[in-house]
Amino acid sequence: MVEIDYSVYLVTGRNFLPPGKDYLDSLEESLQGGVTVVQVREKDADTGEFIEIARKSKEVCDKYNVPLIINDRVDVALVVGAAGLHIGQDDMDIAQARKLLPPGTIIGVSCNKIEELEAAVKAGADYVGIGTVWPTQTKDVAHRIIGPRGIGERLKVLDGTGVKAVAIGGIKSTNLWRTLHGGVTTTGSALDGVAVVSEIMGSPEPKSAAEKLSSIVKAFKKEHARVTELRASQRLTKESIIGQVAELVKKIRDVNPLVHQITNHVVATQSANVTLAIGASPIMATEPAEMEDLSKIANALLVNIGTMVSSGVEGARLAGVCANKYRKPIVFDPVGVGASAFRRNNANGFLNQWQASIIKGNAGELAALAGTTEVLSKGVDSVGSGFKDPVSFVRNLARKERCVIVLTGHTDYISDGNTVVSLSNGHPALGQITGSGCILGSCLASYCATALQGKEVDLQGPIVDDTSFVAAIAGTLVLTVAAEIATKKDEFKGPGTFLSVLIDTLSTLKAEDIVENAKLTIH
C-alpha cells in the first residue's frame, strides 16, 4: 500500500481555473508549491475525457512522486493505475471497490455524520474526508456544514483505528488554522491534512497558494506537537502558578496593554474603569469598519454578548476573525447564552468563525454552551447547585473547545484541558452588583495581553497556549482577592459603595497581596 502524506490534499476542479490558465500547468505549479496528494474529480466529463485528464494528471504527479486518487470512478482508476479511489456515500461501497481494484489501492470515503464514519471504519476505509466544514462553492451543502468544532467529535471515531482523516469543504488559508485547531479530539488526535479545491484551482498563482497552505499545516503540526509534549511534561505546583501570577501583576503596569472590549453596555463604564485600575488601557468599539485596524494595535480582545443586538453581531464576528489573524488573544463571555436562541446561535457562530483563548461563564452559561441540562439558567444567572463534578466538566469542555475554560461561582474552576485549578477567593458583595462577571472578563483579557508582551509570536494561528491558562488564573485572583480586601475597608458600607472601593483597591493591589491571599488548589 502506498504511504500517503495527506497534509495538502488537492481536489481538482477545472471550472475554477482563472481565464487563460491551463489545467496541467496549474496542477504542476501546485505540486511545486507543496501539494502532497491529488484527487482528480470530473463530474461532467464523459468516460473518454475523464480517462485522458486522469492519465495526463498522473504523468504530472508521477514527476513529483505525488500519489493520484480518482473520484468515484473505479474504471478510470484501473485504466490509469491510480494510487487510490475516493467514493461518496451514494457511490459504490468499499467491499465492491476492493474486489475490483488491485491489492494495496487506497480507498477514501466522504463522511458527514458520525454514523457514516463508523460505517467507513467498519468497512475498511484507509482514510475519510470529514466535512463539510465551511460553506463552499463546489456544492450546495448548507444543511451539512459541521463547522470546525464539529471535526473533533467526529474524529474521535477514528481513535486507535489507524484510519487517516482530512477535513474538506470551503477550506482556505484564512480559515485553515481554525480548521486544524478544531480538528483535534479530546484525546489529542489531530487531522492528517486538509482537502482544498478553489483556493488552489482558482488561483492565478497556484504555487504560492499551495506554499501558503503547506506552511500553515506544517506550522500547526509543529505547534501541536510542542503543546502536546509540554503538557505531558508539565509539572505545575501551587507555588509555581502563584509565582507566575505575581509576575503578571507586576508586569501589567509596566507594559500597559491595550484591550479592545466589545461588551455589555450596562457595564461598559465600570469595565473600562476596572481595566484602567489594574494597569491596562481599554478601547470600547463595536463598529465593523474599525475591526481590522483595531486588531493590529490592540493586545487582546474581549467579546461579551450580554446586551448584543443584531447590528452588533457583525462587529463581534469580524473582531474575532481579525484577532485570530493578527494572533491576539480572545476572551469570550457568552453572557446568558442559554436564555434565547439568538444568543445560542450567535455564540456558536462566533466559536466556529474564530478561536477563543479563554471562554468564561457561570455554570448555567457553560452548561448551555456544552449542550448539557445538568445546570439550568435563568436569564444570566445559574439555577441550582452547579455541576456534580465541576473539575471533570471544565477539563472536558476545555478539551472540546480547545481553549482555557473559566467556570465562575462560589468556587472558580479553571482548566486548559490538562490541569484544573480551583480558586476559593472572593466575597458575596461581588454577586450584589451588576456586571461582576463582566468586569472579570476585562481582567482576563488584560492579563492575557500582558502575558504575551515580550514573547516572540511567530506562528500563523490564534493564540491558545500555556500563557492563557496562567493569565486566566491571574485575572480571576486579582478580582476576587481585591474584593476580599475591599470589603474590609472602612469605606465599604454595602453594594452601593462596593464598586468604588473595589476599583480603588484594584488600583493599588500588589503582587504580594496575591501571594499572601490566594486560595488555590490543583486537581
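Colleague: Why is Thr467 called buried?

Modeller: Buried means under 20% relative accessible area, exposed is over 50%, and partly exposed is in between, using a 1.4 Å probe and protein chains only. Thr467 has a relative accessible area of 12%, so it counts as buried. It's in helix α18, residues 466-486. Its C-alpha is separated by 9.8 Å from that of Gln244, 223 residues away along the chain.

Before we go on, this is a predicted model: local features need pLDDT of at least 70 and side-chain atom pairs pLDDT 80 or more, while totals for chains, interfaces and linings use all residues. Numbering starts from 1 along each chain as its sequence is written, and side-chain values use heavy atoms, with hydrogens and water left out.

Colleague: How do you know what the radius of gyration of the protein agrees with?

Modeller: There's a rule for a globule: 2.2 Å times the number of residues to the power 0.38, with the radius taken over C-alpha atoms. For 523 residues a compact globule would come out near 24 Å, and the protein has 25 Å, so the two agree. The C-alpha trace spans about 90 × 45 × 40 Å along its principal axes, and 56% of the 523 residues count as buried.

Colleague: What makes up the secondary structure?

Modeller: The protein has 20 helices and 19 strands.

Colleague: What makes α13 and α14 parallel rather than perpendicular?

Modeller: Helix α13 (residues 310-325) packs on helix α14 (residues 341-353) at about 20°, with the axes 9 Å apart. Axes are lines fitted to C-alpha atoms, for helices over the stretch in contact, and angles between N-to-C directions run from 0 to 180 degrees. Under 35 degrees is roughly parallel, over 145 roughly antiparallel, 65 to 115 roughly perpendicular, and the rest oblique. That's why α13 and α14 are called roughly parallel.

Colleague: Which residues of α13 and α14 meet?

Modeller: From α13, Ser310, Val313, Ala316, Arg317 and Val321; from α14, Phe342, Asn346, Phe350 and Gln353. Contact here means heavy atoms within 4.5 Å. By class, that's five nonpolar, three polar and one charged. Ala, Val, Leu, Ile, Met, Phe, Trp, Tyr, Cys and Pro count as nonpolar, Asp, Glu, Lys and Arg as charged, and the others, Gly among them, as polar.

Colleague: And why is α15 called oblique to α16?

Modeller: The axes of α15 (residues 363-370) and α16 (residues 390-401) come within 11 Å and cross at roughly 45°. That angle makes α15 oblique to α16. Leu366, Ala367 and Ala370 of α15 make the contact with Phe393, Leu397 and Lys400 of α16. This contact has five nonpolar residues, no polar ones and one charged.

Colleague: Now the loops. What makes Asn256 partly exposed?

Modeller: Its relative accessibility is 38%, so Asn256 counts as partly exposed. Asn256 lies in the loop between α10 (238-255) and β9 (258-262), and its phi is near 45°, positive in a residue other than glycine.

Colleague: Is Arg327 buried or exposed?

Modeller: Buried, because its relative accessibility is 13%. Arg327 lies in the loop between α13 and β12 (330-333). Its phi is near 55°, again a positive value in a residue other than glycine.

Terms used. Helices (H or I, at least four residues) and strands (E, at least two) are DSSP runs, numbered from the N terminus.
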